[in-house]
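This briefing is meant for a reader meeting the structure for the first time. Please keep the sequence and the 3D view open while going through the points that follow.

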Amino acid sequence: MTRVHNFSAGPAALPEPVLRQAAEEMLDWRGSGMGVMEMSHRGPQFMAIAAEAQALLRELMQVPANYKVLLMQGGALAENAIVPMNMLRGRASADFIETGEWSRKSIAEARRYGGVNVAASSADTKFTTVPARETWRLDPNAAYVHICSNETIGGVEFHEVPDVGEVPLVADMSSSILSRPVDVSRYGLIFGGAQKNIGPAGLTLVIVREDLLGGALPCTPTAFDYRVVADNDSMYNTPPTYAIYIAGLVFQWIKAQGGLAAMERLNQAKADLLYGTLDASGFYRAPVARDCRSRMNVPFFLHDSRLDAEFLKGAEARGLVQLKGHRVVGGMRASLYNAMPLEGVQALVAYLKEFEARHG
Ligand code: PMP
């Protein structure tokens, strides 16, 4: 068996020990005589698996007691509707910071449920920056302020939590969650799909401050009413049981590595190595402003796009896969989620230098 270095933006590589343990437990989870996929979500075994996953996540992220952790389905794009349905709470509109493709999608979807104020946008820099906080035109009566903490396609990341006063801050953290410590208490709500740093697609994580629950629009599907989900411990409907089990194994793995501080050190080292190599060369170019660069998703260009196909082919031959950039941006993109080891980035950097020496 040969495993590649997988730079996919998501679904993405998982830690190998997690996959090995899942394989071992596939037919018989700890003497139960059945696999996790075959368990009732209300049986004692799965209830224990879900409770442990929840507890580990709370521990890793140091989630304060007045926040609920909800394990949902539908992905981040469904949350683009579910968030306004639950969070408008009788207010006319919400504020949005437009920093790229994913926040734009959030804006478009929210317009179906209420007023939208785009308080700041980096469209003028082709989404290669985060608009400076002092330029934001926030509405003090907004129901919430929405940001995308890390724009997976454009590779733009908020390096600081913006201060938005008393208005709840809502963050789409799909592609940066668990990559470093966060102060959950600065947010009203955090959401994200699991398929990057958490586990398999199909699980959506929502962390929400308790006092914000209970005001969902009447049209909200019951299964997507945060109050109902919270009151039923995320088991109002059948949750994505296998994805929750794998997420629990990933949380254990992160804890064993030293928690989120250790993840941050590793992720910073990987990002520094890759951006440093790109910046030092006249052959490659990283388009995002330095103080807004994502540590998770690194878009870059070759100086001549006619070499793109050959670059990708050579990369694949070396076991460096899924490096093609998103069609909206073009070029290349290397995603460096938690499960990407430093050796993967070292192998990519060696290939970048080799390719440049041959074609530069
Ligand atoms: N937001 C961000 C930041 C993302 O990276 C993605 C997926 N790449 C989405 C939203 C959409 O997530 P999903 O496909 O799980 O709905």
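M26 sits in the loop between α1 (16-24) and α2, in a model that is predicted. At 36% relative accessibility, M26 counts as partly exposed, and together with L27 and M37 this residue forms a nonpolar patch on the surface, with about 340 Å² of accessible area for the three together.

**Salt bridges**

- The count of salt bridges in the model comes to 17, where a salt bridge is taken as a side-chain nitrogen of Lys or Arg within 4 Å of a carboxyl oxygen of Asp or Glu.
- One of these joins the side chains of K255 and E59, with a distance of 3.0 Å from N to O. Because K255 lies in helix α6 (residues 241-257) and E59 in helix α2 (residues 44-61), this pair ties together parts that are 196 residues apart in sequence.
- Are K255 and E59 buried or exposed, or something in between? K255 is partly exposed, with a relative accessible area of 43%, and E59 also counts as partly exposed, at 44% relative accessibility.
- Another salt bridge is formed by the side chains of E157 and R295, at 3.3 Å from N to O. E157 belongs to strand β7 (residues 156-157) while R295 is in the loop between β11 (284-285) and β12 (297-302), so the pair ties together parts that are 138 residues apart in sequence.
- Both partners of this pair are buried: E157 has a relative accessible area of 1%, and R295 has one of 13%.
- D279 and R293 make a further salt bridge through their side chains, with an N to O distance of 2.9 Å. The pair links distant parts of the chain, with D279 in helix α7 (residues 259-280) and R293 in the loop between β11 and β12, 14 residues apart.
- In this pair the two partners fall into separate classes, since D279 counts as partly exposed at 30% relative accessibility, whereas R293 counts as buried at 8%.
- R3, E16 and R20 are linked with one another in a network of salt bridges.

**Strands and sheets**

- An open sheet is built from three strands in the order β11-β12-β14, and their pairing is antiparallel. Its edge strands are β11 and β14 (332-335), each of which pairs on one side only.
- How many bridges join β11 to β12? Two bridges join these antiparallel strands, and R285 has F301, in β12, as its bridge partner.
- Helix α7 lies across β11, β12 and β14, and runs at about 20° to β12.
- Strand β2 (residues 67-72) is mostly covered, with five of its six residues buried.
- Six bridges join β2 to strand β10 (residues 204-209), and the two strands run antiparallel. Across this pairing, L70 stands opposite V206 in β10.
- As a general point, the strands of a sheet pair through backbone hydrogen bonds, either parallel or antiparallel.

- Which residues does N80 touch, not counting residues up to four places away in sequence? N80 touches K105, S106, E109, A110, H146 and F191.
- L57 is found in helix α2, the helix that also contains E59, and L57 is buried, with a relative accessible area of 1%.
- With residues up to four places away in sequence left aside, L57 touches Q62, V63, V69, L178, L205 and F251.
- The C-alpha atoms of L57 and D163 are separated by 25 Å, and these two residues are 106 residues apart along the chain.

Notes
Residues are numbered from 1 along each chain as its sequence is written. This is a predicted model: local features need pLDDT of at least 70, side-chain atom pairs count only at pLDDT 80 or more; totals for chains, interfaces and linings use all residues. Side-chain values use heavy atoms; hydrogens and water are left out. Helices (H or I, at least four residues) and strands (E, at least two) are DSSP runs, numbered from the N terminus. Buried means under 20% relative accessible area, exposed over 50%, partly exposed in between (1.4 Å probe, protein chains only). Contact means heavy atoms within 4.5 Å. Patches are made of residues with over 30% relative accessible area and no salt bridge: like charges are joined within 9 Å, nonpolar side chains (Val, Leu, Ile, Met, Phe, Trp, Tyr) within 5 Å. Accessible areas come from the Shrake-Rupley method with a 1.4 Å probe; for residues, only the protein chains shown count as cover. Two strands pair if DSSP finds at least two bridges between them. Axes are lines fitted to C-alpha atoms, for helices over the stretch in contact, and angles run from 0 to 180 degrees between N-to-C directions.
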